[in-house]
Amino acid sequence: MEKWFIKSAKANINFDDLNLSDYMKKILSNRELSAAENVQSFLNPDISNLHSPVFLPDLIKATNIIREAINQQKKIRIVGDYDVDGVTSTFILCKGLRNLGANVDYKIPHRVEDGYGINKNIIDSAKEDGVDLIITCDNGIAAMEALEHANKLGVDVIVTDHHEVQYVDGAEQLPKAVAVINPKRSSSKYPFKGICGAVVAYKLIEQLYVITAMDEEELLNEFLPFATIGTICDVMSLVDENRALVSEGLKRLNSTSNVGLKAMIEACQIDGVLDVYHIGFIIGPTINSSGRLESAELSLELFLKTEYSEAIVIAKELRELNQKRQKLTEEGYLKVDELIQKYELDKKLRVLMVKETSIDESIIGIIAGRIKEKYNRPTLVFTKSKDFLKASGRSIDEYDMFESLQKYKDRFVAFGGHKMACGLSIEEDNLKNLIVDVNNDSTLSKEDLVKKIYIDSLLHLREINLNMIADLEILKPYGNGNPKPVFSSLNLRVFNFAVLGKNKNVLKFDVSDGNSSRKALYFKPVEEFVEEMAAQADIEQVYNMIENKNHNILIDLVYSPTINEFRGVQNIELRVSSIRISKKNI
């Protein structure tokens with residue numbers, strides 16, 4: 001079941017001086033922009049809108065420490081993370097510091113062997129290797145014990161991170177580092193808190209470039225693409241400076257001179273202009289595959305390559321790893337879904353918690369996300385990890401997963417996360433009681449578990465034209481915080497229905513409201529479509545509609561309008577995301 005809602009945000013915007021259509025005003029209001037100045041910068045994102053690095057706490061202190069380390073040729077080690085944001089931020093710091101003449105190397109923790117972030121073993125290894133200064137990226141803000149250990153060994157640490165700062169009894173807890181650069185610190189004067197780890201790293205290198213009079217164009221060409229990849233793949237909100245950064249970064253990505261990136265684009269067989277989709281759903285998962293199934297240092301090694309013949313070998317290996325990851329994910333997803341259906345867990349549990357020990361721990365988060373999408377329930381997937389069970393969770397808006405689970409943290413071997421996701425480890429004997437207690441304590445209602453679809457505006461089909469779609473192009477890049485606009489049209493008759501694709505999962509048809517008609521495309525297996533429609537209308541009429549016979553069904557659509565170009569001819573097409581039987585009587 002789904003419920004559709006028309007967005008009705010009341011934004012404090014004066015549109016009088018802006019020549020915008022009604023639907024554009026509605027979309028911008030729904031984005032909750034607060035003033036005309038914000039609208040102008042939103043519609044015209046520019047690299048000049050980026051905030052100055054000097055507003056980040058401890059950034060000036062860190063640049064002074066790094067410059068001294070470079071001048072004295074001290075040994076510097078970057079400690080990153082195994083996800084895309086961690087890999088891109090490690091690249092930015094490592095390559096940026098090498099360009100500045102630093103003696104620098106890197107360490108990205110192994111997902112299984114090391115776990116997340118800097119730890120005592122990594123610090124011990126750095127000490128043995130004669131490292132004088134460690135710089136973390138995309139981690140470190142919560143590494144209290146590890147940095148205490150570094151202090152005892154006399155190893156200086158600069159933390160660069162973007163994750164939430166910990167508080168105990170209302171007091172901010174910071175690791176004991178020589179500098180802690182994080183926009184979310186209480187003392188931060190940085191105007192925008194929503195930047196990723198790669199952007200924090202970029203800001204540090206930017207300031208070092210400024211004070212050493214390095215070429216700004218080199219900074220933008222070499223590092224902005226990686227800050228863009230990190231921003232998109234860490235699902236940061238594409239508003240404020242993130243919008244300007246990604247807009248400019250995509251342009252430079254499409255003309256990148258980075259040998260590794262070019263090899264990856266070729267290995268992924270991407271043609272045409274790279275956009276947010278290519279980064280988020282092709283490039284990003286390919287980078288991530290090394291951190292999931294091998295070592296994330298493989299992806300970093302690719303981006304540091306200067307010879308294309310060497311880079312393309314690694315890029316193809318990463319692509320093969322991603323294909324393996326996709327296969328393992330699909331197999332794992334089907335196993336978890338089979339357990340849910342076999343034991344009817346979706347009818348018994350408000351918070352789905354499923355154990356399947358055959359699944360590799362590196363992909364349980366992806367599987368939890370897919371299960372959450374299917375059942376619209378908070379989901380945790382558990383698998384075996386050494387002597388414990390390890391779980392990754394994904395949530396819905398109505399359930400704060402971190403807050404709900406942290407009350408049981410004394411039962412966990414390890415625990416961390418935020419409102420929409422978490423990770424934990426637990427002894428297997430404690431799992432059954434945890435499932436019972438979490439679900440008994442849940443305040444989720446039946447209404448909370450109904451999938452909600454939010455629509456920007458209702459449209460008549462005649463309003464959908466090439467000019468409108470050109471207007472919508474101005475709103476790109478789309479992403480978290482600036483989703484692709486979604487519209488709805490009601491009481492439509494269906495004709496010219498066709499089922500396409502070898503798996504019969506592409507539905508193509510025309511719709512008419514009596515005045516205008518448009519072509520529509522819906523990616524849905526025909527069996528599932530029939531099942532959905534039959535739950536709302538007479539099954540015979542549903543089959544008549546599919547077989548292009550006379551029928552009395554009217555439908556409502558939720559869609560995004562696009563242009564389908566074939567042999568130089570442009571046609572408007574509605575990319576449908578949801579269908580229901582119209583409430584109007586015929």
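This is a predicted model: local features need pLDDT of at least 70, side-chain atom pairs count only at pLDDT 80 or more; totals for chains, interfaces and linings use all residues.
**Domains and annotations**

The protein is divided into three domains: domain 1 spans 53–215, domain 2 spans 344–441 and domain 3 spans 452–581. Between the C-alpha centres of domain 1 and domain 2 the distance is 31 Å.

| Residues | Helix | Strand | End C-alpha distance |
|---|---|---|---|
| 75–231 | 42% helix | 18% strand | 29 Å |
| 352–437 | 29% helix | 36% strand | 12 Å |

**The five-stranded sheet**

The model contains an open sheet of 5 strands, arranged in the order β9-β10-β11-β13-β12 with mixed pairing. At its edges are β9 (352–355) and β12 (412–418), each of which pairs on one side only. On average, neighbouring strands of this sheet are turned by 15° against each other, direction ignored.

Helix α15 (residues 364–375) packs on the sheet, where it touches β9, β10 (379–385) and β11 (388–394). The direction of helix α15 makes an angle of about 45° with that of β11. A further helix, α17 (residues 431–441), lies across β9, β10, β11, β12 and β13. Relative to β9, helix α17 runs at about 170°.

Strand β12 is joined to β13 (residues 421–426) by 6 bridges, and the two strands run antiparallel. Within this pairing, G417 has C422 of β13 as its bridge partner.

K203 is located in helix α7, which comprises residues 197–211. Is the residue buried or exposed, given its relative accessibility? K203 counts as buried because its relative accessibility is 0%, whereas the cut-off for this class is under 20%.

Which residues does K203 touch, leaving aside those up to four places away in sequence? The contacts of K203 are L50, H51, P53, L56, L59, Y190 and E241. One of these residues, E241, also takes part in a polar contact: the side chains of K203 and E241 are joined at 3.1 Å.

How values were computed
Residues are numbered from 1 along each chain as its sequence is written. Side-chain values use heavy atoms; hydrogens and water are left out. Helices (H or I, at least four residues) and strands (E, at least two) are DSSP runs, numbered from the N terminus. Buried means under 20% relative accessible area, exposed over 50%, partly exposed in between (1.4 Å probe, protein chains only). A polar contact is a pair of N or O atoms within 3.5 Å; within protein, one must be able to donate a hydrogen and the other to accept it, and residues adjacent in sequence count only if both atoms are side-chain atoms. Contact means heavy atoms within 4.5 Å. Domain bounds come from an automatic or database domain assignment. Two strands pair if DSSP finds at least two bridges between them. Axes are lines fitted to C-alpha atoms, for helices over the stretch in contact, and angles run from 0 to 180 degrees between N-to-C directions.
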